[in-house]
Amino acid sequence: MGVRLVVVDDHRLLAEALASALKLRGHRVLAASAPASGAADLVLSRSPEVCLIGTASPAEPGVFDPVVRIKKERPGVAVLVLGPVPNPRGIAAAFAAGASGYVRHDERIEGVERAMSKARAGEVAVAPALLQAAFAELLNPVAEPDDEGTRLLQILTPREIEVLVRVAEGEDTRLIAAGMGIAPSTARTHVQRVLMKLGVGSRLEAAALAARTGLLDRATTPLHPARPAAEA
């Protein structure tokens, strides 16, 4: 039986993509919205069974304030967090706020469904491997933990970063080409290089990875309109 739920994320594209995937699998999505800070208001107005909250920064203060409010005003609603891994402090903060589960952001849709069902049934929805990874990092902290967003940003050229930002904003090849003042074939090549460097197979996956690792927030390349080509 499908789950009645709402989906929120700081990036609307990700919320709508996940909502669409869940609808296709028979779940009743009451709403898909952004930003995640509006989760409580959405839950109070729609009364779902489960609330999916996606965040790229689970360890930041105040991120899970909406979860606290949801559990206070709608204790019967199960909250499931989708976030980066490993992030032990973020996982701890999610459960401390009252979340019923924590799922890694790159989990397959089947894994998200299983977690939703467990959360709706009142069970804790977190993979043992996820807890092991979190405990391992807590017990053996490194001086400077690897920053995946920074690492990914470093392997992209400034041109590719601009392409990624445009992809995340939903631009197709034609719009990317027009916005950057390049040929569509060149834009297509840039997109393929970005996908290859990020190790993903689609534009949606690239946008999701960039958002979840905080790469988009650091990719501050301004999107200027195309300049006229210089005269020979």
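Analyst: Arg 12 and Glu 16 both belong to helix α1 (residues 12–24), where four residues, about one turn of the helix, separate them. An α-helix has 3.6 residues a turn, so residues three or four places apart point the same way. Arg 12 and Glu 16 form a salt bridge, with 4.0 Å between the closest N and O atoms. The term stands for a side-chain nitrogen of Lys or Arg within 4 Å of a carboxyl oxygen of Asp or Glu. Helices (H or I, at least four residues) and strands (E, at least two) are DSSP runs, numbered from the N terminus.

The model is predicted: local features need pLDDT of at least 70 and side-chain atom pairs pLDDT 80 or more, while totals for chains, interfaces and linings use all residues. Residues are numbered from 1 along each chain as its sequence is written, and side-chain values use heavy atoms, with hydrogens and water left out.

Arg 12 has a relative accessible area of 42% and is partly exposed; Glu 16 is partly exposed too, at 38%. Here buried means under 20% relative accessible area, exposed over 50%, and partly exposed in between (1.4 Å probe, protein chains only).

The structure holds eleven salt bridges. Another one pairs Glu 49 with Arg 120, the closest N and O atoms being 3.5 Å apart. This pair links distant parts of the chain, 71 residues apart: Glu 49 lies in the loop between α2 and β3, and Arg 120 in helix α5 (residues 109–120). Both ends are partly exposed, Glu 49 at 23% and Arg 120 at 28%.

Glu 171 and Arg 166 also meet through their side chains, at 3.2 Å from N to O, and both of these residues are buried.

As for the surrounding fold, five strands form an open parallel sheet in the order β2-β1-β3-β4-β5; strands pair if DSSP finds at least two bridges between them. β2 (28–33) and β5 (101–104) stand at the edges with a single partner strand each, so one side of each lacks a neighbour in the sheet. Five bridges join β1 (residues 4–9) to β2 in the parallel sense, and Leu 5 has Val 29 as its bridge partner in β2. Helix α2 (residues 39–46) packs on the sheet and touches β1, β2 and β3 (50–54), its direction making about 160 degrees with that of β1. Contact means heavy atoms within 4.5 Å; axes are lines fitted to C-alpha atoms, for helices over the stretch in contact, with angles from 0 to 180 degrees between N-to-C directions.
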